[in-house]
Amino acid sequence: MKSNAQVKEKRRSPRRAALMPAVIFYPNQNEHVGCMVRDLSQDGALLELPLAKALPLIFWLRLDGETTLRFCNVAWHSENYLGVEFSEQITERRRAERWGE
């Protein structure tokens, strides 16, 4: 079994540990769900919340203390965790890959 030092990080941007409240907003609905951000990077986040598997695959996320919303795509999920990628970063990365920027 590999130690943590031997596991190669596959993320495009470094993540940092977090313990930050956030709110999930569903597109075209007035409902919202509280969650906890467990780690955060420029490209995405790890969210902890009950019944994470029941959420839609796209939603808006507002971090505590911020006024902006981040449009998220679910990359993976388990019972109580979601790995999300921020859509703005996906678009920018694809543009850069396509145009060599």
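I take buried to mean under 20% relative accessible area, exposed to mean over 50%, and partly exposed to mean in between (1.4 Å probe, protein chains only). I take helices (H or I, at least four residues) and strands (E, at least two) as DSSP runs, numbered from the N terminus.

**Basis.** I am working on a predicted model, in which local features need pLDDT of at least 70, side-chain atom pairs count only at pLDDT 80 or more, and totals for chains, interfaces and linings use all residues. Residues are numbered from 1 along each chain as its sequence is written, and side-chain values use heavy atoms, with hydrogens and water left out.

**Overall make-up.** I looked up the elements and found 1 helix and 6 strands. From the N terminus on, they run β-β-β-β-β-β-α. Of the 101 residues in the protein, 32% are buried. I then looked at contacts, meaning heavy atoms within 4.5 Å. Among contacts with a separation of 6 or more, 47% are between residues 24 or more positions apart.

**Strand S3.** I asked how many residues of S3 are buried. The count is 4 of its 5 residues, so S3 is mostly covered under the cut-off of under 20%. For pairing, I required at least two DSSP bridges between two strands. S2 and S3 run antiparallel and are joined by 4 bridges. They form a hairpin, with 3 residues between them. Within this pairing I noted Asp-39, which stands opposite Leu-46 in S3. S3 is also joined to strand S6 (residues 81-86), by 5 bridges, and this pair runs antiparallel. Here Leu-47 has Leu-82 in S6 as its bridge partner.

**Ser-41.** I found Ser-41 in the loop between strand S2 (32-40) and strand S3 (44-48). Is Ser-41 buried or exposed? Its relative accessible area is 11%, so Ser-41 is buried. I also checked its polar contacts, that is, pairs of N or O atoms within 3.5 Å; within protein, one must be able to donate a hydrogen and the other to accept it, and residues adjacent in sequence count only if both atoms are side-chain atoms. The side chain of Ser-41 reaches the backbone nitrogen of Asp-43 at 3.2 Å.

**Cysteines.** I searched the whole structure for disulfides (a pair of cysteine sulfur atoms within 2.5 Å) and found 0. Cys-35 is in no disulfide, and its nearest cysteine sulfur, that of Cys-72, is 8.8 Å away. Cys-72 is likewise in no disulfide, with the sulfur of Cys-35 as the nearest, 8.8 Å away. Cys-35 is buried, because its relative accessibility is 8%. Cys-72 is buried as well, with a relative accessible area of 0%.

**Leu-63.** I placed Leu-63 in strand S4 (residues 58-63). Leu-63 counts as buried because its relative accessibility is 0%. Not counting residues up to four places away in sequence, Leu-63 touches Met-20, Pro-21, Ala-22, Val-37, Leu-40 and Arg-70. I also took the C-alpha separation of Leu-63 and Met-36, which is 9.1 Å, for residues 27 apart along the chain.

**Arg-70 and Phe-86.** I looked for a charge over a ring (NZ of Lys or CZ of Arg within 6 Å of the ring centre and within 35 degrees of the ring normal). Arg-70 lies over the face of Phe-86, at 4.9 Å from the ring centre.
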